[in-house]
Amino acid sequence: MTVLFGVFLLTLLVITAIAIVRTRNLFVAVMLSGIFSLLIAAIFFLLDAADVALTEAAIGAGISTVLFLSALALIGEHEQTPSANRLVALLVVVTTMVAILYATLDKPRLGDPSAPVQRHVGPWYLEKTPEYMDIPNSVTAVLGSFRGYDTLGEVFVVLTAGIGVLFLLGKAAPPGYYKKTHAADAGGLRHYQIPRMVGRLLIPFILLFGFYVQFHGEYGPGGGFQAGAIIAAAIILYALLEGEQRALTALPRGFLLGLIAAGALLYGLVGLIGLVSGGNFLDYSLLSDDPVKGQQLGIILIEAGVGITVTGVLLSIFHAFAARGKS
Amino acid sequence: MELFGLYHYWVFAVLLMIGFYAVVAKLNLIKKLLGLSLFQAAVFLLYITMGKVEGGTAPIFQAGVVDQLYSNPLPQVLILTAIVVGISTTALGLGIVIRIKEEYGTIEEQKIQEIDQL
């Protein structure tokens, strides 16, 4: 039954993808890509990836849609020119697809326990998580400790992308560019009572859920990346409902910039403590007398760092986009 | 059920190529970025599919449960971070598109090239 449900969702996924590419209205395409994200999140959940499903739902369906829509507000929603060199592109795409499909015939079947990918380091991580960290969620253990270097790198990529967006959009738009098409609208949806009331009810719970996901990441699906996205989504919702200015009063730009740097620094510093105490970089065992306690403390600290940076970057990017049309 | 054993991989191939088609054939820059996200999502699907173990569950231990099979946590970790990095790079792309629109007045590739050649 689960298999059939998966097949159904996957088929819907392909249909949605084709619709995204075919539609000439960019607004429709962005909305469809939100649906695409929710569908793929459901598929991830069916494939036992609860953490990934949570991330995809928060980021793909929530934040990505908002960012694309804020960009469309500045750009316009109509695709003007049709595709170019359709036949050549189709030929290349179909040839590559046939080659990949042919290659998949050699892949192990879905869920095959003897597949090479299941026999390498995966089982080792599962076996050692209770021994080294003694936390239930092995995804968090691998993310925070076993592969802490990777995650540090990812945090710095997020940081760099955030700085890049701020550089690109920090410079003022050409004078008079947006005056004709976009009236400054600082009020958000304040005049629409229903979304505003529903939003007011929801925002505290979304925030609470964000913090739960942050601090419960060792025990259930969750962690810094997901929590950062959920908290950012709550504040973006506040900005959409009450006006961007109100959101900026609550969390000023400078504070967000501080968050971005603070999170990455916290992560790096926890790594350095290991180094200074005579161990390896990002070795949390030395944070406490008991190595297992040290690992747990290290994971909580770096997850906090990840959450802080992700929240800061996503909110800064949103404000950079939203402020653009009003300059 | 054996029939559907490779279905996830086939969908991966199709999604990958739909995204690729949008990147090479569409002239609108936003469409290209959406195509890139589809391409990315296809890769995510490939990784998560590989980590699934038959009869397994999400790799979160429960007290008192023994002999439970778990799916592979490693591909999940890689994709979890990749999703967040993906949105950051997409935002960077959108920032560039907005700047292009402001400088050129259009985000259609052909028109941008025409303006460049003047």
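Let's start with a helix pair in chain A of this predicted model. Helix H3 (residues 50-75) and helix H10 (residues 224-242) of chain A pack at an angle of about 35°, and their axes are 9 Å apart. Axes here are lines fitted to C-alpha atoms, for helices over the stretch in contact, with angles running from 0 to 180 degrees between N-to-C directions. Helices are DSSP runs of H or I, at least four residues, numbered from the N terminus.

The crossing of H3(A) past H10(A) is left-handed. That term applies if the near helix is turned anticlockwise from the far one by less than a right angle. Who makes the contact? From H3(A), it is A:Leu54, A:Thr55, A:Ala58, A:Ile59, A:Gly62, A:Ile63 and A:Val66. From H10(A), it is A:Phe225, A:Gln226, A:Ala229, A:Ile230, A:Ala232, A:Ala233 and A:Ile236. Contact means C-beta atoms, placed from the backbone, within 7 Å. By class, that gives eleven nonpolar, three polar and no charged residues. For the classes, Ala, Val, Leu, Ile, Met, Phe, Trp, Tyr, Cys and Pro count as nonpolar; Asp, Glu, Lys and Arg as charged; the others, Gly among them, as polar.

Two housekeeping points. Residues are numbered from 1 along each chain as its sequence is written, and chains are lettered from A, ligands numbered from 1, in the order in which they are written. Local features need pLDDT of at least 70 and side-chain atom pairs count only at pLDDT 80 or more, while totals for chains, interfaces and linings use all residues.

Next, the domains of chain A. Domain 1 is 1-78 and domain 2 is 137-327; the bounds come from an automatic or database domain assignment. Their C-alpha centres lie 22 Å apart. Domain 1 gives 14 residues to the contact, and domain 2 gives 18. The domain 1 side has ten nonpolar, three polar and one charged residues.

Now H12(A). It has 24 residues and reaches 34 Å from first C-alpha to last, close to the 34 Å expected at 1.5 Å a residue. The expected span is 1.5 Å times one less than the number of residues. Several of its residues are buried, including A:Leu256, A:Ile260, A:Ala264 and A:Tyr267. Buried means 20 or more other C-beta atoms within 10 Å of the residue's own, exposed means 12 or fewer, and partly exposed is in between, with C-beta atoms placed from the backbone. The cover over those buried residues includes helix H8 (148-170) and H13 of chain A. Just after H12(A), A:Gly278 takes a positive phi of about 95°.

Further on, A:Leu282 also deserves a look. It is not a glycine, yet its phi is positive, about 65°. A:Leu282 sits in the loop between H12 (253-276) and H13 (291-324) of chain A. Buried or exposed? A:Leu282 counts as buried, because it has 22 C-beta neighbours inside 10 Å.

Over to chain B. B:Asp67 has a positive phi of about 55°, and it is not a glycine. Its place is the loop between helix H2 (29-51) and helix H3 (73-104) of chain B. With 4 C-beta neighbours inside 10 Å, B:Asp67 counts as exposed.

Last, the interface. Chain B puts 75 residues in contact with 85 residues of chain A. On the chain B side, helix H1 (7-25), H2 and H3 each supply at least two residues. Which helix gives the largest share? H3(B) does, with 24 residues. That side of chain B divides into 48 nonpolar, 19 polar and eight charged residues.

Definitions and conventions:
Two residues are in contact if their C-beta atoms, placed from the backbone, lie within 7 Å.
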